Structures are given as structure tokens and as C-alpha cells.
Amino acid sequence: MEVITQNAVYFVVALAILVILFVWAYVTKRMQKDFSTMTWVLIPVAIAINLTIGQIVLVLKLPVYLDSIGTVLVGVICGPWAGALTGALSNIIAGMILDPGWFPWFPVAAAIGATAGVMANVGYFKNWWKVVVTGFVIALVATIVGTPISIIVFGGLSASGSSLITAFLLETGRSLLAAVLTTNFIAEPLDKIATSLLAFAIIDGLSARYLSRFPRGENAAVEKGQQQIQMIIALVVVVLLILFGIFVLPSITGG
Amino acid sequence: MNLDRSFFVPARSFLHSLNPLTKLTLVFAMIALAFFSFPWMAPVLILPVFVMGFIGKVQKQYSNVIAKLILPTVGFMFVMQSLFLPDGKTIIFTFIIFDVSLETVRTAFLTVSRIFVMISSFTLLLLTTHPSELMSDLTRRGLPGQFAYVIISTLQILPQMQAKAQTIIAAQRSRGLDTQSSFGKRIGALVPLVGPLVFGSLVEVEERAIAIEARGFTSTRVKTSLHEIPDSGLDKILRWGLILLIIASIVSRVLVT
């Protein structure tokens with residue numbers, strides 16, 4: 001029972017922080033800034049992009065989902081609140097037409113959109129290596145939000161392929177939390193970095209005139225520089241982040 | 001993956017005649033009972049869910065969804081969890097090297113029945129309520145009209161975009177794009193497939209924004225609706241009853257433990 005009370009406390013604290021953020025953004029009109037008519041029209045298109053690209057990836061049989069490109073796109077050019085709404089509604093619509101099992105994951109999708117928006121606001125969506133960092137941060141947030149849902153709603157092991165990794169880790173004697181957290185951390189970064197890079201490629205291809213019609217089009221102004229040097233920096237950053245994950249994560253989870 | 005499938009089945013039944021909000025409250029009540037109430041509640045709820053399928057006259061489609069979507073997921077989860085979850089003392093049997101214990105089977109059964117109840121109640125809501133009916137009822141009760149626009153227009157755009165994606169895949173293949181061989185080639189194929197699809201649909205955004213702006217999209221006046229959705233006294237009583245049920249399920253659990 002102690003575990004349940006402790007979890008309930010975490011849940012209430014998280015909820016309180018969210019409510020405060022919500023009220024703050026509403027009172028200071030930061031939230032309203034995200035939602036112009038262009039944003040409201042872009043959101044359905046972005047959701048359709050999410051679900052349709054998921055389908056193309058299935059045709060190509062790639063080991064990623066890429067089902068949040070539209071969410072990241074809206075987060076970057078319209079702002080974090082619009083991104084969060086796109087993510088949440090994307091999962092709700094997928095639940096309506098594909099499989100109701102998508103519903104419980106909507107906080108993860110919302111967190112992905114919000115993180116993309118915040119990272120773009122601080123200028124981390126302007127060239128290749130920064131986008132890679134953003135992708136990694138998105139993966140980290142998705143892991144943190146997704147792990148409790150995975151454990152509380154689905155008991156930690158679901159019918160997905162990555163559950164085999166969780167099962168393996170559990171057999172090696174790790175706790176359920178450590179096993180699920182590690183699995184998500186292994187599975188997420190590749191997908192989210194690829195998602196961010198594709199969203200960046202899309203933004204790069206849009207004209208400045210078109211982008212300027214969105215509330216935060218300036219977030220996506222691409223910095224011109226030496227492409228080759230940027231690619232090298234991007235690779236170094238990825239390697240560093242993976243090393244960080246391998247060495248730091250086990251000590252946090254105590255696994 | 002077929003995107004233009006909506007779950008809704010038109011029929012005349014008690015569930016169909018209920019107000020959409022009442023059914024939504026029912027779904028949340030079922031989830032609250034399954035997840036927050038006593039552990040024996042979730043398995044018990046499976047029976048009422050089945051009965052509701054018959055009341056709504058959608059038992060055929062509902063059992064179809066169970067067989068195709070819910071049972072494979074839930075069955076696989078049950079096996080995985082019974083085999084791999086730690087903390088077992090009373091071992092029932094050993095499968096190769098994995099111990100299956102009474103405790104893990106019990107936990108797995110609880111999780112699986114919770115998920116069954118959750119997904120089933122959502123499925124029943126979607127089988128007996130058309131998305132646009134649900135959205136217009138919620139809009140009438142004060143949900144900003146923009147939300148209804150997003151949901152309904154996504155449901156309209158999706159089949160178009162899916163068709164466009166099929167056309168692009170076929171067109172690029174006929175130009176010789178390799179979508180089946182090595183891993184590197186398949187990654188390379190992603191950009192020529194995603195690019196035309198995304199840019200093509202983003203171009204339309206601007207025109208559509210002007211079009212809906214001209215039709216008073218951002219107007220704050222109260223909009224009238226052509227389609228009236230019934231909301232009877234029975235609906236109101238049911239809703240309040242269900243809300244009390246949700247509160248009671250949480251309070252009783254807190255008081256007992």
C-alpha cells in the first residue's frame with residue numbers, strides 16, 4: 001500500500017505542476033499566441049501526416065515508427081501548446097479509427113509535441129546537430145512520461161516487440177521500473193532523432209514566406225553553415241549522448 | 001492498416017439513443033471502476049461489458065473487434081507477464097527455465113482484465129456513437145468549436161491522404177524507386193515518398209485557412225446547429241449516477257486500505 005500512496009503523491013504533484021503551467025500560459029497569453037487560424041488548419045493535416053507516414057514506414061519495413069513527424073512540425077512552427085494538442089488529438093483519433101489501445105498513450109504524444117516546441121523556442125531547431133539534440137531530448141521526455149503509463153496501465157509488458165527486451169532484463173534480475181525504463185531508453189532515441197531530422201528536412205523545404213504565416217515561424221529559420229562540419233558534430237553528439245545513456249541511466253535506476 | 005474505417009455501426013438501440021456525453025461518462029466510470037476500485041472489480045466488469053454489446057445491438061461487430069484487436073493483444077500480454085514478471089513465491093509450474101507463479105498469474109490476470117474493460121468500453125462507445133455526433137454534442141456544451149473542426153476534418157482528410165500516399169508509392173516505384181531491397185535503399189526511399197505527400201498537403205493549408213476564415217471560423221458568436229442531439233431526463237439521471245459511482249469507487253478504496 002505504501003507504494004500506491006507514494007505513486008499517488010507523484011501523480012498529484014505532476015498534475016499540480018501541469019495545472020500551474022496551464023494557468024500561467026493562459027494568463028500571460030502565451031498559449032493563445034500558438035493558436036491562429038493557420039494553426040487550427042495545420043493541426044488536422046499534421047495528424048493525417050502522422051498516421052499516413054506511419055503507413056509508409058510499414059511498407060518500407062523500417063525498424064522505426066515515425067508516427068510523430070506532424071506533431072514535431074506543429075510544435076516547432078506553432079509553439080509548444082499547439083504541439084501538445086496535436087500529439088494528444090493524434091492519439092485520440094488513432095484510437096477512434098485504428099485501435100482504442102492508442103488512447104492511454106496520449107500524454108506521451110502531447111509531451112513530444114510540447115518538448116519539440118520548447119526546444120525550438122530556445123533555438124534548438126535551426127541546424128542539423130541541434131535538431132539531433134532536440135530529438136534526443138524528446139526521446140528522454142517520451143521515456144519519462146511513457147514509463148509510468150506502461151507500468152500502471154499495461155503492467156510493464158505489452159504485446160510489442162520491444163517487450164522482449166523488457167522480459168530479458170527482468171530475467172537478469174532487474175526491477176520492473178528499471179527494465180521498462182531501460183527498454184524505452186533503448187527504443188526511443190533512434191525513432192525520435194529520425195523523426196526530428198525528417199521534420200527538419202520538411203521545414204527546410206518550406207519557403208520563408210509560408211513559414212512566416214505561422215505563430216512561431218521564426219523558430220525554424222535555418223542557420224546556413226558548413227554542412228559537412230555539422231554532420232560531423234551531429235555524429236559526435238549522438239555518440240556522446242549514447243555513452244551518457246549507457247553510463248548514467250543504470251546508476252539512476254539502480255539496475 | 002486501413003485508415004478510412006470508422007467503428008460506427010448505424011442501428012436502433014438503447015445505447016444508440018443515449019446522449020453521447022452519457023456514453024462518454026459511462027466509459028470513464030468503467031475505467032475508474034476497473035483501475036481504482038477493488039482488484040476483484042475488473043474481472044467482474046467483463047460481464048456487464050458483454051451485456052452492453054448486446055443492448056447496443058452491435059454484438060457481431062464487437063466480437064469481431066475482440067477477436068481481431070483485443071484478444072491477440074491481451075492474450076500475448078497475459079503470457080508475457082505470467083512468464084516474466086518477478087516476485088513469485090508459490091510456483092505452479094516451470095516452463096523451460098521460466099517460473100510461473102500464482103502471484104504473477106494473478107497480477108497478469110488483473111492487468112489484462114483492466115485493459116479488456118478499458119478498450120472494450122471505448123470500442124462500444126465508438127460502435128454506437130458517430131464521431132461527429134459526439135463532437136457536435138460536446139461543442140454545444142461549451143467545448144471550443146475548433147476542437148470539433150480538428151477531429152472532423154482529420155477524419156475527412158485521412159482517407160484522401162491515404163489514397164495520395166498509395167498513388168505516390170506506385171508512381172515512385174514505376175520510376176524505379178527501390179522499396180524492397182537492402183536496408184540502406186529502403187531508408188533512402190523514405191524521402192522521395194514522404195516529401196511529395198507532405199509538401200502537397202501543406203500547400204493546401206493556406207487556402208483552407210482563408211476559406212474557413214471567410215466562413216466565420218474565429219467568430220465568438222454562439223453558433224446554431226442544424227442537427228439536434230436528444231438529451232433526455234434519463235440521460236441526466238444516468239450521468240449523475242455514474243459520476244457518483246466514480247467518486248464512490250475511489251473513496252471506498254481509499255477508506256478500506
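Two residues are in contact here if their C-beta atoms, placed from the backbone, lie within 7 Å. With that in hand, load the model, which is predicted: local features need pLDDT of at least 70, side-chain atom pairs count only at pLDDT 80 or more, and totals for chains, interfaces and linings use all residues. Residues are numbered from 1 along each chain as its sequence is written, and chains are lettered from A and ligands numbered from 1 in the order in which they are written.

**Stop 1: where the chains meet**

Select the contact between the two chains: 47 residues come from chain A and 56 residues from chain B. On the chain A side, look for H3, helix H5 (80–97), helix H8 (163–171) and helix H9 (176–205), the elements that give two or more residues. (Helices are DSSP runs of H or I with at least four residues, numbered from the N terminus.) H3(A) gives the most to this side, with 19 residues. Colour the chain A side by type and you get 34 nonpolar, 9 polar and 4 charged residues. For that colouring, Ala, Val, Leu, Ile, Met, Phe, Trp, Tyr, Cys and Pro count as nonpolar, Asp, Glu, Lys and Arg as charged, and the others, Gly among them, as polar.

**Stop 2: the core**

Now pick out the largest nonpolar core, with 128 residues. Such a core is a set of buried Ala, Val, Leu, Ile, Met, Phe, Trp, Tyr and Cys residues joined through C-beta atoms within 7 Å; buried takes 20 or more other C-beta atoms within 10 Å, exposed 12 or fewer, and partly exposed falls in between. Among the residues with the most contacts inside this core are A:Ile43, A:Leu73 and B:Met30. Helix H3 (residues 37–60) of chain A gives the most to this core, with 14 residues. Zoom in on A:Ile43: leaving out residues up to four places away in sequence, A:Ile43 touches A:Val74, A:Ala82, A:Leu85, A:Thr86, A:Leu89 and B:Val150.

**Stop 3**

B:Val150 is one of the buried residues of H7(B), so select residues 145–174 of chain B next. Helix H7(B) has 30 residues and reaches 43 Å from its first C-alpha to its last, close to the 44 Å expected at 1.5 Å a residue (the expected span is 1.5 Å times one less than the number of residues). Go to B:Ile157 for a kink of about 25°, shortly before the proline B:Pro159. That bend is the angle between axes fitted to the seven residues ending there and the seven starting there. Show the neighbours, too: the buried residues of H7(B) pack against H3 and H5 of chain A together with helix H6 (131–140) and helix H8 (183–214) of chain B. Past the helix comes B:Gly176, with a positive phi near 100°.

**Stop 4: another helix in chain B**

Select helix H2 (residues 20–36) of chain B: its 17 residues should span 24 Å at 1.5 Å a residue, and its end C-alpha atoms are 24 Å apart, which agrees. Buried residues in H2(B) include B:Met30 and B:Ala34.

**Stop 5**

Most residues other than glycine have a negative phi. A:Leu66 has a positive phi, near 50°, and is found in the loop between H3 and helix H4 (69–78) of chain A. A:Leu66 counts as buried because 20 C-beta neighbours lie inside 10 Å. In chain B, go to B:Lys57, where phi is positive at about 55°. B:Lys57 sits in the loop between H3 and helix H4 (59–84) of chain B and, with 18 C-beta neighbours inside 10 Å, counts as partly exposed.
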